[in-house]
Amino acid sequence: MSFLGRQALVAALTVNALRPPRNQRAGVPSFAAGWLFGETAPQVLALTALDAATHLTRKRRQGFRAKAGLALAGASALGLAHMVKQSRQMKDGFEDALVAGLGVDYVEQLDQVPTPADLATPWRKMARPFNFADDGVRVISDVPYSEAGKRGHLDIYLPAGEDTITDAPVLLQVHGGAWKYGAKEHQGRPLMNQMAAKGWVCVAINYRLSPRDPWPAHIIDVKRAIAWIKDNIADYGGDPDYLAITGGSAGGHLTALAALTPNDPAYQPGFEDADTSVQAAVPFYGVYDFAGSTGLSNAIGMRDGFLGPKVMGTTWKESPEVFEAASPILRITPDAPDFFVIHGELDTLVAVDQARMFTAALRRESGKSVTYAELPGAQHAFDVFHSIRSAYAVKAVDRWLTWHWNTWRHGLEADSGAEPEQISAQHDARDAG
């Protein structure tokens, strides 16, 4: 490809990452083009600068095509630099979200106050963004938790070098993939490595997928995994009485729904008496409105164009109660556990309005703390590999989970930060706008 062609492609991808189309038809291709590109903006910026530098010699910069290529490279560099700046600003953005959700004194419940070095951008990891090897973590793979074959297996992440741990906090990771794809090995790795290296026991599960196994097989398997953890995790050093759950996209939906429907017999066929409660939930870019109850065009379009025919095996007109029961935003009660909701502002697969409205509903109805972090410039699935945003997200979730674990085990009441009425009013005003 010529220099002009390369720079035209980079410029087009930069525009898509900065201003992705929001309509339903363009959402998927926009995500496909922008997700990896946006999270590797530092690397692309360096390559763009190098490519342009080789064309700055007098001979190469002559002619319209060369000048046009250099102009596009300069414009792309400005856009890429803006994306890098936005990503780096999330160091403060996440801290602001934690203070707003938990109160300024939340750091008193951490094992230690993070130092600037702790919060620094791990540039070395970004040189190999898909390398998840970690000497501080050991993994026990393919432990069966159900009779669903490979889809009923889980992996357990433990701190390396410790023969025995006891009563460690437990984190359950639920992968995404549109309820049709995905595997336990491919998502949540940066977060699980971080927490396991600190002494947590992390569990990543597979679950049955559509269309072979339509809804509610997915949530039933998540509940089975929770029940298995409570019965067996002590053998691996975990505390069966403390379980936090996390996941992204479809996994974010399953995370929120599982947290809001403890011990629901409709989702526990054959194990109705099992305890499936969790103490905390951290959904990333989740789908919170299966029924279209919010009136959002993104939710209604997803319901009728994808969820019904591809996941649920029924339609909204035929079975509205099935979609309503599967909607986390309609399952909130005062007994909901603590939540940390995370979503990208430019998500073209799941509109950020779903997260905003879900968070506002939690703050109105839940009696526990609710923390919300919205990431400017972020697409869907920004945390799957090592990037600036994913690094800050992992460190923020680490702080939130550590706060929650220490608060829980010391029997302290969660401080939700600002007054609920104030938070609700602020978010209602923003949602209305």
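**View A. Surroundings of alanine 160 in the predicted model.** Not counting residues up to four places away in sequence, alanine 160 touches Asp135, Gly136, Val137 and Arg138. The structure shown here and in the views that follow is a predicted model. Alanine 160 has its place in the loop that runs between strand β2 (153-159) and strand β3 (168-174). Its relative accessibility is 29%, and alanine 160 therefore counts as partly exposed, since that class lies between the buried limit of under 20% and the exposed limit of over 50%. Glutamate 272 stands 112 residues from alanine 160 along the chain, and the C-alpha atoms of these two residues are separated by 36 Å.

**View B. Helix α3 and the elements packed around it.** Helix α3 comprises 13 residues (41-53), and the distance from its first C-alpha to its last is 18 Å, close to the 18 Å expected at 1.5 Å a residue. The buried residues of this helix are Ala41, Pro42, Val44, Thr48, Asp51 and Ala52. These buried residues of α3 pack against α1 (3-18), α2 (24-39) and α4 (64-102), and also against α5 (123-126) and α12 (388-409).

View C. The chain is divided into domain 1, which spans residues 3-89, and domain 2, which spans residues 105-414. Their contact takes 22 residues from domain 1 and 23 residues from domain 2, while the C-alpha centres of the two domains lie 33 Å apart. Between domain 1 and domain 2 an area of about 1800 Å² is buried, and carbon and sulfur atoms give 60% of it. On the side of domain 1, the residues that lose the most area to domain 2 are Phe31, Trp35 and Glu39, which together account for 32% of what that side buries.

**View D. Polar links across the domain interface.** Six residue pairs are in polar contact between domain 1 and domain 2, counting pairs in which both residues have pLDDT 80 or more. The side of domain 1 that touches domain 2 draws at least two residues from each of α1, α2, α3 and α4, and its largest share, nine residues, comes from α2. One salt bridge is found across the interface of domain 1 and domain 2. Arginine 389 and glutamate 39 form a salt bridge in which the closest N and O atoms are 2.6 Å apart.

**View E. Serine 390 within helix α12.** Serine 390 is found in helix α12, the helix that covers residues 388-409 and is among those against which the buried residues of α3 pack. With a relative accessible area of 2%, serine 390 is buried, because a residue is placed in that class when its value is under 20%. When its neighbours within four places in sequence are left aside, serine 390 is in contact with Phe382, Asp383 and Phe385.

**View F. Asparagine 16 and its side-chain partner.** Asparagine 16 is found in helix α1, and its relative accessible area of 14% means that the residue counts as buried. The side chain of asparagine 16 is joined to that of serine 30 by a polar contact of 2.9 Å. Leaving aside neighbours within four places in sequence, the residues in contact with asparagine 16 are Pro21, Ser30, Ala33 and Gly34.

Note on methods. Residues numbered from 1 in each chain as written. Predicted model: local features only at pLDDT ≥ 70, side-chain atom pairs only at ≥ 80, totals over all residues. Heavy atoms only, no water. Helix = DSSP H or I, 4+ residues; strand = E, 2+ residues; numbered from the N terminus. Expected span 1.5 Å × (residues − 1). Buried < 20%, exposed > 50% of the residue type's maximum accessible area, 1.4 Å probe, protein only. Contact = heavy atoms within 4.5 Å. Domains from an automatic or database assignment. Buried area = accessible area lost by both parts, 1.4 Å probe. Salt bridge = Lys/Arg side-chain N within 4 Å of Asp/Glu carboxyl O. Polar contact = N/O pair within 3.5 Å; in protein donor to acceptor, adjacent residues only side chain to side chain.
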